[in-house]
Amino acid sequence: MYVITGVTGNTGAVVADTLLTAGKPVRVVVRDAARAAPWRARGAEVAVASLEDTAALTAALRGATGAYLLVPPRLASADPAGENRAVVASLAAATRAAAVPHAVLLSSIGAQHPDGTGPIATLHHAEAALAEVTALTAVRAAYFMENWGASLGAVARGALPTFLPRALAIPMIATRDIGTTAAAALVEGPGGERRRVLELAGPRPYSADDVAAAVAAITGQPVAAAEAPLDAVVPTFTSFGISATMAALYREMYAAIIAGRVDWEGGATRAVRGPTPLEDVLRKLLAR
Ligand SMILES: NC(=O)c1ccc[n+]([C@@H]2O[C@H](COP(=O)([O-])OP(=O)(O)OC[C@H]3O[C@@H](n4cnc5c(N)ncnc54)[C@H](OP(=O)(O)O)[C@@H]3O)[C@@H](O)[C@H]2O)c1
């Protein structure tokens, strides 16, 4: 039995879909039972648990061969770091209590650093906590291609806003490829390794200029990347309803990307490449 958290989100849905399509037994974990109906209809078991409810999560994880775990974003929280610490502690305690033999954690590029990377630092601590209690596969995903969805509103005016230097090419990945990679890691199992790290990127790095060119090619309209200064991160994000604390963490993350701190660890990690090109993701985002 493979237990999948975050099944109503970007990556968890793909993990569950991939496993069910392959005929594997799946249990999805949801907070709201109603949201599990499509999964139940496809033959998945359903467990209702909040990730911070260790007792409910332990029950959800019992009997698992492997579990897909993530630390959900806390966009509106005044204390995202504190709430994330509670989720990480609960994930680790429940994984241990349920004796889950293998966890596949959605982590991030840059998670080798304990701090100075904004929200990514939480994933450093999640990797460490889970590695203490089970065999861990950390899927360190690059910047999601889907993040560009937030910038597409200005495309009609010919602009693609970005907090990154427009020519800076960084690794990016489609969330579909994260889900399929995680599903494959679950089925493969830990293979006797206590801790392995998959560093997951798409076919090639892309810059904001590349994204703008791809959007222009798809829409047939001229689009240019429009750089905004780092000082604009907090006011922009808070205007979208993100808490000031969380927005400050995102500012730290953008600064760390620009400084090159959000990079691959290399060494003993395994580099994995997803096949989905940026254009495929942009086409879907633009069709919404
Ligand atoms: N964006 C990037 O560029 C990037 C890059 C690398 C790594 N990451 C990491 O990716 C992760 C997010 O993954 P994602 O995009 O697949 O998720 P997502 O689409 O943001 O969805 C979050 C999922 O978690 C569930 N959830 C939220 N709070 C919960 C709680 N308290 N208990 C149980 N379930 C809860 C949500 O379910 P409900 O329906 O109940 O809300 C939803 O299914 C984060 O850890 C982020 O740091 C992001």
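Helix H1 (10-21), strand E5 (102-108) and strand E7 (143-144) each contribute at least two residues to the shell around the ligand. Helices (H or I, at least four residues) and strands (E, at least two) are DSSP runs, numbered from the N terminus. The model is predicted, with local features requiring pLDDT of at least 70 and side-chain atom pairs counting only at pLDDT 80 or more, whereas totals for chains, interfaces and linings use all residues. Residues are numbered from 1 along each chain as its sequence is written, and side-chain values use heavy atoms, with hydrogens and water left out.

**The ligand and its shell**

- The ligand is surrounded by 26 residues, and the closest are Thr8, Thr11, Glu52, Val71 and Asn147; a residue belongs to this set if one of its heavy atoms lies within 4 Å of the ligand.
- Strand E5 provides the largest share of the shell around the ligand, namely three residues.
- By residue class, the shell around the ligand consists of 13 nonpolar, nine polar and four charged residues. In this division, Ala, Val, Leu, Ile, Met, Phe, Trp, Tyr, Cys and Pro count as nonpolar, Asp, Glu, Lys and Arg as charged, and the others, Gly among them, as polar.
- The side chain of Asn147 has an N or O atom 2.8 Å from an oxygen atom of the ligand.
- Backbone atoms also take part: a polar backbone atom of Gly9 is 3.1 Å from an oxygen atom of the ligand, and a polar backbone atom of Gly6 is 3.3 Å from an oxygen atom of the ligand.
- Of the 950 Å² of accessible area that the ligand has on its own, the protein covers 81%. Accessible areas come from the Shrake-Rupley method with a 1.4 Å probe; for residues, only the protein chains shown count as cover.

**The second largest pocket**

- The second largest pocket has a volume of about 300 Å³. On a 1 Å grid over the protein atoms alone, where a 1.4 Å probe fits, a pocket is an open set of points with protein on both sides within 12 Å along at least five of seven lines, and lining residues have an atom within 4 Å of a point. Points are joined across faces, edges and corners, and the volume is the space filled by probe spheres set on them.
- The lining of the second largest pocket includes Asn10, Glu146, Ala174, Arg176, Asp280, Lys284 and Arg288.
- Helix H6 (175-188) and helix H10 (278-287) each supply at least two residues of this lining, and the largest share, four residues, comes from H10.
- Five charged, four polar and three nonpolar residues make up the lining of the second largest pocket.

**Around strand E5**

- His102 is part of strand E5 and is buried, with a relative accessible area of 1%. Buried means under 20% relative accessible area, exposed over 50%, and partly exposed in between (1.4 Å probe, protein chains only).
- The side chains of His102 and Thr137 make a polar contact at 2.7 Å. Such a contact is a pair of N or O atoms within 3.5 Å; within protein, one must be able to donate a hydrogen and the other to accept it, and residues adjacent in sequence count only if both atoms are side-chain atoms.
- The backbone nitrogen of His102 is reached by the side chain of Thr134 at 3.3 Å.
- Thr134 is found in the loop between helix H5 (120-131) and strand E6 (135-141), and counts as buried at 2% relative accessibility.
- Ala99 sits in the loop between helix H4 (80-97) and E5; Ala99 is exposed, with a relative accessible area of 58%.
- Although Ala99 is not a glycine, its phi is positive, about 55°. Most residues other than glycine have a negative phi.

**Other residues and their separations**

- Val3 belongs to strand E1 (residues 2-4) and counts as buried at 0% relative accessibility.
- Leu282, in helix H10, is buried with a relative accessible area of 0%. From C-alpha to C-alpha, Leu282 and Met145 are 7.9 Å apart in space, and they are 137 residues apart in sequence.
- Leu91, in helix H4, counts as buried at 1% relative accessibility. Leu91 and Val133 are 10.0 Å apart, C-alpha to C-alpha, and 42 residues apart in sequence.
- Asp209, in helix H7 (residues 208-219), is partly exposed, with a relative accessible area of 27%.
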